[in-house]
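Please look through the following sequence and structure with care. The report below then goes through some of what can be said about them.

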Amino acid sequence: MKNSSSILEVRDLLKTFGAVVAAKDINVDISQGEIVGIIGANGAGKTCFVNMVTGYLAPTGGSIKFEGTELVGLETRKITHAGISRSFQVSQVFHSMTVAENLMIALAIANNRGTDALSLMDTPDLRLKLDEVLKRYKLEPQKDATVSALAQGVRKLLDIAMAVVSKPRILLLDEPTSGISVEEKFDFMDIVMGALREDGVTVLFVEHDMEIVERYVSRVLAFYQGEIIADMPPKKALADKKVQEFVIGKEHHKKKK
Amino acid sequence: MEAALTILLDGLQFSSYLFIVSAGLTIIFGVMKILNVAHGSFYAWGAYTAAFFIGKFSDMGLPDALGFLLIVAAAIVVGVILGFIIEQGILKHMYERDEVLIVLATFGLFLVLEDIILIAFGTDPYFAYQPMALLGPVELGGITRDVYGLTLIGVAAVVAVGCWWLLNKTKWGTLLKAVIFDREMGISMGINVPLVYTLTFIGGAILGGLGGAYIAPTISVAPGLGTEVIVLSFAVVVVGGMGSIVGAAIGSLIIGLLRAIAVHELPQVELFVVFAVMAVVLVFRPEGLFAPAKPRKI
Amino acid sequence: MFNDRTAKFLLLAAMMICVGGAFAPNWIVNQFMFGFSRALAILGLMVLWRTGLVSFGHAFYFGLGAYAVAILDSKFGVSDVFLRLMAGAVVAGSAGFLIGFIMRNYRDIFFAMLNTAISMVLFGIVVKTESLGSTDGFAISASTIFGLAPETKYPLFVIITLVGLTAALLVNFYLKTTFGKLTTAIRDNEIRVEYLGFSVAHAIHLKYTISAILAGGAGALMAMSLGQVDPESMINWTVSGELVFVTILSGPGNVIAPFIGSLVFEILRTYAFELAPQAWQLIMGATFLTIIFFLPGGIWSLIEKLGGKKNEK
């Protein structure tokens, strides 16, 4: 799997909580521009993986290198600065503020590092950027609505848009379509993936919905009990025996929510 | 030796009244998640009510022994009346709001209750020495102590055992522990949480009142009584762990004994020591030494 | 910095107050001096309050500022108003910066309580230390201005007003920077702020230090206005409670609010005390509860409603 153009190299990643092993022997290389789907049953270690890459959880062992820089031990915000961003399964937004205010804060933080943070936030320059983001993510109609009054789908879109304004080179999406209706899910993903492709962002996303996986990803990582049991193109992965038994099979039985 | 015994007994007495007051504070916090600043007023009201009636009864020529009954009655009356009015009138309408905002509301209540005391009882101090005089002094290991002060330790022990028994040996205690552990779980189990809240608040208020009522005969009951005791019991509760009865007991002992040592050996640090301990505990163990278990919310 | 409505209003109001003060009777001048001195501290607490943090112990910084003035006066004979003010702000600000390293990790009730604890530590020290004036405190000599000893209180009044104006303009500007805008955002969702690439701890640390500097300045000005300091009215926890009270009364909406709120507080207190000397706390407490229940945005939200949003948020 060693690849000269890989921007993310994960080696022997391990995470244990007491006796529970949440991640083990994880070795992955991600190349620039790949769209990778991460699948697995609940508790298989997908979100744990995302949390470790973004510095929210400290791995018990192993290394994560982003363009040669070791990420293990860095704080989440340092990893954001390095160029890795994420969205959340349950959208993490500022619920008492409007959509525009949410994005404005995200833009301001992305554009005003260090002492610049002590200059005025609301500049014409940022306003332009704000309009651009609103347009791209089709959030214009809701821009002055308070987040707590918005539908789940809009919040998720906002959550992703906020993650992207820092112009990350890798974006991790944690279950982008959870909480979004079957009718809307493709439209939603079209907006998101369209915008991301334009920027050439490398995307890793955790997904339960195999239709989405088949349609949008170029490569699948299947997790089972903290380990990667398959790393292959989507067509092949979905036909794989182990994947069917430990990931998809389980999914069908569980039919949660 | 005698000096050490004096410090020990002073410390225990001080711990005892701190514990009675703090137990009420910590129960209210444990169950309702309310840090009740007005708790200091329950204490002051208990002290004033007890002192007032002990004085009145004595003037009327009734036997001084009735004083003990009056102390308990004062605590119950104060706790039930003030507790009920405050919980039903104010706090009930705030449970959904930010817990810091509720602290502020109880501070507003504290201001109101302090002044109602002034209006009701005036600014002159009250003395209710009769119960203390009745029991007289006793020789103990070479020093003379007031028996009344020693009974305070007994009362604290009774309160401690009572709380323990209530929480661990009764059906009521089981329900209470369920609500303490997780309010939502309590509701889903069919527990009448509003009723639990009201009764808890009244119970806590009675303990606050009892602390004041029992201490009344040993002090001059004067304005500003509640101001000092509330920060002291904050210190106790923080040191022990907010919401834990065992914590309140240990916290009271630590603070009571430390303060007694300071008063006798190094009076300059009397107050400093109490709050320095509080600050140190907050810095190194913000949940307190004996914080109760918390449910995992995720 | 001066090109928004709030700033323009502040400049205009400060000018009018300074001019008006020359003709106003003494008791009004006094009210404004006390009110504006306190308002400085409220300004800082407002910054914290917007972030969802309530300190029940800022009398620590208020007291440090006041006692810095008292000690400079009694031990070194420093009477210059600017030196005194600087001393108060610097002492409190440095303490706030150092304590901020610990405080920035605390939230909610723990934040409130840790502040209470440190303020009571200071209270405990001052009350029991003879050389710090013990329970009696110190009387403070009249302030001089560049070596001149004014005959009336008017010059001090003007200085307090101008200090208040400067502080309000600075905080107004700060609240519009990226740093300053991270108030509600932090209260809403700290995880997101971190993931966006900003350190919540740094943001809170700065806010805390700002609030300490302002509270210290407020204490220094109050000490000069009153001409005396004592632990009961400068450091005890009830003083912290009073500061929080005025913060809630004012409302977090605008930097003008603390000044209006503090004036209302002074007037309320004076009248309540005159009308019902035994019930003034009752009136204050009842007002406080009324605000918490019916006017969560404080007096400022009332002004906004009446003025039909005359001033921008």
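At what angle do helix α6 (residues 147-169) of chain B and helix α7 (residues 171-181) of chain B pack, and how many Å apart are their axes? The two helices pack at an angle of about 80 degrees, with their axes 5 Å apart, where axes are lines fitted to C-alpha atoms, for helices over the stretch in contact, and angles run from 0 to 180 degrees between N-to-C directions. α6(B) and α7(B) are therefore roughly perpendicular to each other, since angles under 35 degrees count as roughly parallel, over 145 as roughly antiparallel, 65 to 115 as roughly perpendicular and the rest as oblique. On the side of α6(B), Leu166(B), Leu167(B), Asn168(B) and Lys169(B) meet Trp172(B), Gly173(B), Leu176(B) and Lys177(B) in α7(B), and the residues of this contact divide into four nonpolar, two polar and two charged.

This is a predicted model, in which local features need pLDDT of at least 70 and side-chain atom pairs count only at pLDDT 80 or more, while totals for chains, interfaces and linings use all residues. Residues are numbered from 1 along each chain as its sequence is written, and chains are lettered from A and ligands numbered from 1 in the order in which they are written. Helices (H or I, at least four residues) and strands (E, at least two) are DSSP runs, numbered from the N terminus. Two residues are in contact if their C-beta atoms, placed from the backbone, lie within 7 Å. In the classes, Ala, Val, Leu, Ile, Met, Phe, Trp, Tyr, Cys and Pro count as nonpolar, Asp, Glu, Lys and Arg as charged, and the others, Gly among them, as polar.

| Strands | Sense | Bridges | Residues opposite each other |
|---|---|---|---|
| β1 (6-17) and β2 (20-31) of chain A | antiparallel | eight bridges | Val10(A) and Val28(A) |
| β1(A) and β4 (61-66) of chain A | antiparallel | five bridges | Leu8(A) and Phe66(A) |
| β7 (170-174) and β8 (202-206) of chain A | parallel | five bridges | Ile170(A) and Thr202(A) |

β1(A) and β2(A) form a hairpin with two residues between them, and Gly18(A) in the turn has a positive phi of about 60 degrees. In chain A, six strands form an open sheet in the order β6-β7-β8-β3-β9-β10, with mixed pairing. Its edge strands are β6 (84-86) and β10 (227-232) of chain A, each of which pairs on one side only, and neighbouring strands of the sheet are turned by 20 degrees against each other on average, direction ignored. Helix α1 (residues 46-53) of chain A packs on this sheet, touching β3 (35-40), β6, β7, β8 and β9 (219-224) of chain A, and its direction makes about 145 degrees with that of β7(A).

Turning to the chains together, chain A and chain B do not touch, and their nearest C-alpha atoms are 12 Å apart. Among the two pairs of chains that touch, the most contacts are between chains B and C. The contact between chains A and C takes 25 residues from chain A and 17 residues from chain C. On the side of chain A, α3 (99-111) and α2 (76-82) give two or more residues each, and α3(A) gives the most, with five residues.

Terms used: Pairing = 2+ DSSP bridges.
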